[in-house]
Amino acid sequence: MTLAKFLRDWTLIIAILAGIAGYFIFTWLPLGRQVHALAHDTMATLQPMLIFAMLFLTFCKVDPRHLRVCKWHLWLLLIQCGFFTAIGCVLILMPHSGMRVILEGAMICLICPTATAGAVITRKLGGDVNNITTYTVMINLAAAVLIPSLVPLVHPNPQLSALSSALLILCKVFPLLLFPLLSAMLLRVLCPSLTQRLASYQDVSFYLWAIALTLAIAATTRSIAHCTVELSVQLWLVAVSLACCIFQFWLGRKIGARYNDTITAGQAFGQKNTVLAIWIGYTFFTPITAIAGGFYSIWHNVINSYQLYEHKKSEPLKQESAS
């Protein structure tokens, strides 16, 4: 086994361990407050830049001529946005609910767009890459509108009005989710040869994801280490992330089966851009909310690993039956 293959196969575990160890090593070093503040600001700046770069490279592979909207796209989009809005309305009506942090964790697990690596797993499982790419574009557009619209009302900033807070979130979310798509589409028109070259560098996107995931896990570890919330609440966030993950994979496959696209719909709905989920958690809600996104990363990778194992195990049987 080559080093590159080993790193690729075990990226999730390596990123988790590196993020946890990196945080504790950094806090153990005898560094001043200014260095810690600088590191915090650098990570806050670097994280969205990495997400932008990953999405941009992914969208460079998108050919608009191959995008088509299916009925299951509309159903999943309605359900995903509907659940996010419904939970948000509950929290607006009950602002002092003891379940606030847990429900906010569920919100980021539900509204988080499809993972940039979703097409890769879908292809390996035998799904339709164009269909999951279309849904990735659609849910990024929807999230860019819904998050700034609802989050200021669900989790108001005491120093800002709802409108000011919405505009602030819009300025952070809109460029992060939509500019990569618009930039890639514009580059395809102006310089198609450069777009094709960038599209061939998908390995770069993979390594950017690994770095971003490590930073996200470090931020989640910091949230847990400095958390004053009861352990029971933290465990509830872990449980909610697992429930959301299983529910979305199950429902996606259930709806997709009605349109003969079980695998694609399941991956589109269940496999999330968890680096973005963690960033949304500690940027717009509370740092402890990011725990939900961090554990969702583990759960959806466990499910993907199981699916890939089952698919690989079934291939020889299909070949035998075909012969």
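Predicted model: local features only at pLDDT ≥ 70, side-chain atom pairs only at ≥ 80, totals over all residues.

Q: What volume does the second largest pocket have?

A: Its volume is about 330 Å³. The second largest pocket is lined by 15 residues, and those closest to its centre are Phe26, Ala39, His40, Met43 and Arg222.

Q: Which elements give two or more residues to that lining?

A: For the second largest pocket, these elements are α2, α3 and α11.

Q: And which of them gives the most?

A: That is α3, which gives seven residues to the lining of the second largest pocket.

Q: Turning to the largest pocket, what is its volume?

A: The largest pocket has a volume of about 1,400 Å³.

Q: How many residues line it, and which lie nearest its centre?

A: The lining of the largest pocket has 46 residues, and Ala117, Val120, Ile121, Lys124 and Phe206 lie nearest the centre.

Q: Where in the chain do the contributing helices lie?

A: Elements giving two or more residues to the lining of the largest pocket are α1 (3-9), α2 (11-28), α3 (33-59), α6 (118-125), α7 (129-154), α11 (202-225), α14 (274-284) and α15 (290-322).

Q: Which one has the largest share?

A: The largest share of that lining comes from α15, with eight residues.

Q: How does the lining of the largest pocket divide by class?

A: The lining of the largest pocket has 19 nonpolar, 17 polar and 10 charged residues.

Definitions and conventions: Residues numbered from 1 in each chain as written. Heavy atoms only, no water. 1 Å grid on protein atoms, 1.4 Å probe; cavity = no way out; pocket = protein on both sides within 12 Å on 5 of 7 lines; lining within 4 Å. Points joined across faces, edges and corners; volume = space filled by probe spheres on them. Helix = DSSP H or I, 4+ residues; strand = E, 2+ residues; numbered from the N terminus. Nonpolar A, V, L, I, M, F, W, Y, C, P; charged D, E, K, R; others polar.
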